[in-house]
Amino acid sequence: MSGTTCENEARATRPKGTGKPLMNASGEVAAQAEGTEWEYAPAPESRDIVTLAPEYGLFLNGEFVPAAGGDVFPTVNPATEEPLAQVAKAGPEDVDRAVAAAREAYERVWGPMPPAERAKYLYRIARILQERSREFAVLESLDNGKPIKESRDVDVPLAAAHFFYHAGWADKLEYAGFGPSPRPVGVAGQVIPWNFPLLMAAWKLAPALAAGNTCVLKPAETTPLTALLLAEVCQQAGLPPGVVNVLTGAGETGAALVAHPGVDKVAFTGSTEVGKQIQRTLAGTGKRLTLELGGKAANVVFDDAPVEAAVEGIVNGIFFNQGHVCCAGSRLLVQESVADAVVDKLRDRLGTLRLGDPLDKNTDIGAINSRPQLDKITELTAAGEAEGAERWSPPCRLPDRGYWFPPTVFTGVAQSHRIAREEIFGPVLSVLTFRTPEEAVTKANNTPYGLSAGVWTDKGSRILWLAQRLRAGVVWANTYNRFDPASPFGGYRESGFGREGGRHGLAAYLDA
Ligand code: NDP
């Protein structure tokens, strides 16, 4: 399988009779003689660097072991539907074993360890992640379906950066503003989703470990492999047994973990629905909880914005990682006077995106992570059409096998439409317009979520004015989807509570 350009037939200059577009990835029209074809040469990343085992165990007390009940489940490559491996499915007995191992490690080894010693392990993990970065990137793209250029340039380097950053904090917690001797909380139960499997594991583990906690991590059912490879890295780094435990399994495993009486702190990233269930389960238990849930972010473009840059930001905001991003800029709010010009340029740009083999280095849009997620995107986009919005996608040849959805733009969207209210979690943009800054704020805030927002304008004063009024945990100005371990990330209202990253993220793992 190789990538195919999403062709914008209305706009791409093309030679007679070839049916091929002549634009390159930067949107430049290639100077070509009439009648010749212009195509990307395939640039596949080799998957040889990854050695897949036929079966993977749970990572429990420093060892890989089968589930007590012997159950397994398959994990597949969403780009091809090829089964990759069988993975152990943790049951209640395994949750007990993992929490007991984490407790023992917390009390005997990790809690009492001098913080500077803990930091050494985190630095080691960070360095091994860098050394094995290609292996991680290929495995992530195989199991998740995301383009290799994203796993290689975003997920893996950021995961390493989180370990480096938090390693630096481990012996400086007394100076972090939490009081003279902040203490770890104990055993952390951490449940993560499938959209950034390795990166979310790093977001959860690094601050918890730096603060002196031990961890039981539950990766998503459809993307367990990089968390297990990270467990192998923990072994390689000599991390004491029980400090990190990885329980693969489905939703029931996550539910059993968060409800376990031996868990002191729960950290969850995923859907708002499951976040609410967890909050109900934990009510009255005294357990600490942070929730990083869904979003329906507004990306606000004013008439004085640099249009080319804004279009790149819109594309990055919603088509990065197939739109499987909680902070995705899924609602474009564009000032009415420039709406046509912006949407025209956006369509041109979408015609140059390449959809296909996630392991091809030219690919911009990879596979949808699972059949249920594809069904959800299909259902919501059908609702968008039924409710009267106008749907547009560049003509795209979708691969025959695997789970695929073309980049899609809806115009004529009303605030009441489901595609303007619900998290689609796919490569689907809803375009709304506004006339005044006040109207932009009202529409941007017209959502039960509050995770992120973007603003595109030439005026610094307008950025600050808007940032003060947008009810979102993160506001990006003239950029989008920028992440840094030093910068706290998290939401308001139905997007959850608590922060991850930075000094604020450490607070969740400390008793100060
Ligand atoms: P979930 O919230 O169901 O999954 C997130 C994690 O929680 C997974 O590890 C999942 O396990 C686990 N889990 C599921 N049920 C429970 C439970 N009752 N108690 C504890 N843990 C549980 O998200 P989905 O994968 O089902 O995605 C559904 C929708 O959620 C998406 O379409 C998207 O809109 C949104 N979403 C938002 C994310 C975000 O970052 N904000 C991330 C992922 C999804 P398992 O994988 O085995 O089900």
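The 23 residues that line the second largest pocket fall into eleven nonpolar, five polar and seven charged. This pocket belongs to a predicted model, and its volume is about 540 Å³. Glu-150, Glu-312, Val-315, Asn-316 and Phe-320 are the lining residues nearest its centre. Two elements contribute two or more residues each to this lining: helix H4, spanning 148-169, and helix H9, spanning 307-319.

The largest pocket is the next place to look. It holds about 1100 Å³ of space. Its lining is made of 39 residues, and those closest to the centre are Trp-194, Phe-268, Gly-270, Ser-271 and Val-274. The elements that supply two or more residues to this lining are H7, E11, H8 and H11. Among them, H8 gives the most, with six residues. Sorted by class, the lining of the largest pocket contains 17 nonpolar, 13 polar and nine charged residues.

What takes up the space of the largest pocket? The ligand does. The shell around the ligand draws two or more residues from each of helix H7 (251-259), strand E11 (265-269), helix H8 (272-282) and helix H11 (371-386).

The shell itself consists of 28 residues, counted with a cut-off of 4 Å between a heavy atom of the residue and the ligand. Ile-192, Trp-194, Ser-271, Leu-293 and Lys-376 come nearest to the ligand. Trp-194 and Ser-271 are also listed among the residues closest to the centre of the largest pocket. By class, the shell has 14 nonpolar, ten polar and four charged residues.

Technical notes
Residues numbered from 1 in each chain as written. Predicted model: local features only at pLDDT ≥ 70, side-chain atom pairs only at ≥ 80, totals over all residues. Heavy atoms only, no water. 1 Å grid on protein atoms, 1.4 Å probe; cavity = no way out; pocket = protein on both sides within 12 Å on 5 of 7 lines; lining within 4 Å. Sits in = over half its atoms within 2 Å of the grid points. Helix = DSSP H or I, 4+ residues; strand = E, 2+ residues; numbered from the N terminus. Nonpolar A, V, L, I, M, F, W, Y, C, P; charged D, E, K, R; others polar. Points joined across faces, edges and corners; volume = space filled by probe spheres on them.
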